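Below are some notes for a colleague who is opening this model. Please read them with the sequence and structure at hand.

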Protein chains: 2
Amino acid sequence: MSIVQTVRSTPLFLRAAWGEDTPRAPVWLMRQAGRYLPEYLAIKSRSSFWEMVRTPELAAEVTLQPLRRFALDAAILFSDIMTPLPAMGLEIQFNPGPVVARPLRTLAQIEALGLPEAREIAPFVEETIRLVRRELEGREVAVIGFGGAPLTLATYLIQGAGTKDYEEFRAFLRYEPVAAHRLLEKLTELSIRYLKAQIQAGAQAIQLFDSWAGLHDSATYREFALPYNRALFQALEGLGVPRIYLAVGASHLYPVLSELPCEAVSVDWRLSLEQIRPHFPGRVLQGNLDPAVLLASPEVIAREARRVLRAGLGGPHLFNLGHGVIRTTPPEHVAHLVETVRQFNRHSVEPL
Amino acid sequence: MSIVQTVRSTPLFLRAAWGEDTPRAPVWLMRQAGRYLPEYLAIKSRSSFWEMVRTPELAAEVTLQPLRRFALDAAILFSDIMTPLPAMGLEIQFNPGPVVARPLRTLAQIEALGLPEAREIAPFVEETIRLVRRELEGREVAVIGFGGAPLTLATYLIQGAGTKDYEEFRAFLRYEPVAAHRLLEKLTELSIRYLKAQIQAGAQAIQLFDSWAGLHDSATYREFALPYNRALFQALEGLGVPRIYLAVGASHLYPVLSELPCEAVSVDWRLSLEQIRPHFPGRVLQGNLDPAVLLASPEVIAREARRVLRAGLGGPHLFNLGHGVIRTTPPEHVAHLVETVRQFNRHSVEPL
C-alpha cells in the first residue's frame, strides 16, 4: 500500500484529531444518537436504557441511526459513562439520569468495590464496537469510544444522583480526602482497562467525559482530577488512537487543562474557539456551537455555525456542539447544520 | 453630628461596599438564614415557604436568626428572587425550587403579564425590612435587600422549573427573540420598582442575583442581559445604596461584567479573587469561599478562609461564600468561619 493510499484511507475525522489542519472540519455531534430521533424513540419504547446499552445489536443500531440520516464523519458508541460501574458491584439505574442505589460515603464501601478484569467489565460494549466497525466498513467514518473521567464518575457515585452543584460530593473531597483518592485510583484503573478493551475491539478514537470538572477551582482540580486524567491518558498513549478530553463550564480551568496529555480538547459554547486556542497551542479543538442554536431557524443555524467554523481556523478543528443535542431538536435542523459545516472550506474562507 | 461620628455610625459592611479598603473584611454569608439552622427548621416545620416570605414577623425573625448566633456584618432579607412575580399574575410554587404553573412560551402570554405599581408588588417585604431595621437599631449591621436579575427571572419563567442547563430557555432566546426582549423589559421595570421599594423601606444595600447568567456566551449575555442589568442599576444610582451584582459559573463573562454600573461584584469559588481583581479595577469584590469547605474540619476552614482573605487584599473586599450555605453545614463551623474572618487584619498580614 502506498503512502498516498494510506493517507486516503484514514478518515478525515482521525486526520484532524491527530492534528492535521484539514480543508474541511470533520463533524459529529454529541448525543447525535438519541431522543430527538423518531427511530431512536421507537427502540426506546420497547427497551430499557440498560437493555439498549447491553444488547450489542440494539446499541449498534442506535449508534448507526444518525449516520443513515446525516453525512457525519464519526459515529460514537451508544452507551453511558456509568456502563462499566456495575462490574465493580455497584447498582445503577437511569431515571432518566443515573441514580446510584447506595451512594458511596465511607472508605470501607470504597475498599469493597471490585476491580474487574478488562473482559469482565462490559463485553457487550466491545461487541457493539465490532458490529459498528463492520457496518461502517469502507465508509470514511471513524468510530469513537468513550468513558467517564474518574472525578466525574466519583461525582455520581458519592452524590448518588444528579443535582445542580453536587454539594455533597464537593464536601466529601474536603472531609474524606483519603477515601476520595482511593476511589479515584480505582476508577482510574477501571477506566484504563475499559478504554483499552474498547480500543482493542476497534474504537479509533477515545473521548473522556469529565462533565463535572468545571464545578471545581483549579487547586481542587489539580489535586483530585489532573493526576488521574493524566495517568489514564498516558496509559492510552501509543495505542494509535487520538485522545479527546471534554469538560463543561470549565472556562476557568483551561490553564490547568493544557497540561493534560491528550490530542484534542472539547469545549462548551461559553468562550469562542478563538479565545480558547491560545491555551492549547498546536492542539486540536473540538466544538463548540451552543446546542440551543439548533432550535432556531435554518438561517440562524447557518450563521452561528459559520461563526464557530471561522473561530476554529488557525489550528485543527473537529466541529461539534458545545454539549449534547437537545431532545426537542428537529432532525432536519441537524441535517442543515451538517451540510453547512461540510460546505465550509477552511482553506479559502471568504471575507465576512 | 461630627464627621467622625458619621463615619463611625456607618456600618463596616457599607464602608467596604462603597469601596473603602477596610482593615477588616466585613462578613456575611449567602443563605446565612436557612435550612442548616435548627431554629429555621422549627419555623419551616409549621409554615410553607410562601407563608414565611409573606408574613413580615416570620420573615424578619428568620432574617435575624443567624445574627443572634454569629457576629455577622450584614443581614440579608429572607425572601426569594421569585417573590415579586405573583403580582404580575404568575402562579409560582416551591418544591423546593421554584416551579412556574404555566411557563411562558408566547408573546401573548408575556403581553398579558401585569406591571404592578411599587406598593402592590410585595408590601410584606417592605414591612419585613422595616422590622429588621428596627431590631438592628444601634448595631453595626447593614441590611441587604435583593432581587433577581431579569435574565435569571426569565430563565425560570420560560423553562418552568429548575433543570441543569435550562435548554428550553436558551433555545427560546434564539427562536423567540422578540418575545424574550419584551419579557426582559417588563421584568426590568418590575425589578426597578421592587428594589426601589426595598430601599425606601430601609434596605441599605442591594444585591442583584443573576444566578444563571453563566449559562450564556458573552454575545448572548450582551444581547439579553447587559442592557437590562445596566438599566436596572442606573435606576438605583444616587439612592445611597451600594449595588452588588452576583453571577455564578460566569468566569468567562468577567470582561463583559466589568461594564456593569455597580459598586461590587460577587464571585463564586472557581477563580481566586487575585485572578478576578484585574477585571474590576477600583471595584469591590465579594466572595468567595467554596461553601463545601464549611463541611470540612475547623483547621481546613480556617486555612481556606485565610487563603481567600489574602487573595482579597489589594482592594476592597466583602467576605462571603462563593454560593449559599449548604444544608448539611454544622452551625458551629459557621461560627468558626466568622471568627476567623474577624480576626484577620488586612492591614498587617503576617507572611505565609
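1. Leaving aside residues up to four places away in sequence, Ile144(B) touches Ala74(B), Ala75(B), Ile76(B) and Leu77(B), and also Ala203(B), Ala205(B) and Gln207(B). The model is a predicted one. Its largest nonpolar core has 240 residues, and within that core Ile144(A) and Ile144(B) have the most contacts.

2. The two chains meet through 23 residues of chain A and 23 residues of chain B. On the chain A side, helix H10 (residues 167-175) provides the largest share, five residues. By type, the chain A side divides into 10 nonpolar, eight charged and five polar residues.

3. Which residues of H10(A) are buried? They are Glu167(A), Phe169(A), Arg170(A), Ala171(A), Phe172(A) and Leu173(A). Their cover includes three helices of chain A: H9 (150-159), H11 (177-201) and H12 (218-224).

4. In chain B, helix H8 (residues 123-136) packs with helix H11 (residues 177-201), the axes being 8 Å apart and the angle about 30 degrees. Angles under 35 degrees count as roughly parallel, so H8(B) and H11(B) are roughly parallel to each other. Their crossing is right-handed.

5. The contact of these two helices involves Val125(B), Glu126(B), Ile129(B) and Arg130(B) from H8(B), which meet Ala197(B), Gln198(B) and Ala201(B) from H11(B). Four of the residues in this contact of H8(B) with H11(B) are nonpolar, two are charged and one is polar.

6. Two peptide bonds in chain B deserve a look. Asn95(B) and Pro96(B) are joined by a cis peptide bond, with omega about -20 degrees. Pro96(B) sits in the loop between strand E2 (92-94) and strand E3 (98-100) of chain B. The bond from Gly287(B) to Asn288(B) is also cis, and its omega is near -10 degrees. Asn288(B) belongs to strand E8 (residues 284-289) of chain B.

7. Arg31(A) has phi near 60 degrees, a positive value in a residue other than glycine. Arg31(A) lies in the loop between helix H2 (12-17) and helix H3 (38-44) of chain A. Is Arg31(A) buried or partly exposed? Arg31(A) counts as partly exposed because it has 19 C-beta neighbours inside 10 Å, where a buried residue needs 20 or more.

8. For chain B, phi of Arg31(B) is likewise positive, near 60 degrees. The loop that holds Arg31(B) runs between helix H2 (12-17) and helix H3 (38-44) of chain B. With 19 C-beta neighbours inside 10 Å, Arg31(B) is therefore partly exposed.

Conventions:
Residues numbered from 1 in each chain as written. Chains lettered and ligands numbered in written order. Predicted model: local features only at pLDDT ≥ 70, side-chain atom pairs only at ≥ 80, totals over all residues. Axes fitted to C-alpha atoms, helices over the stretch in contact; angles between N-to-C directions. Helix = DSSP H or I, 4+ residues; strand = E, 2+ residues; numbered from the N terminus. Parallel < 35°, antiparallel > 145°, perpendicular 65-115°, else oblique. Left-handed = near helix turned anticlockwise from the far one by under 90°. Contact = placed C-beta atoms within 7 Å. Nonpolar A, V, L, I, M, F, W, Y, C, P; charged D, E, K, R; others polar. Core = buried A, V, L, I, M, F, W, Y, C linked by C-beta atoms within 7 Å. Buried ≥ 20, exposed ≤ 12 C-beta atoms within 10 Å, placed from the backbone.
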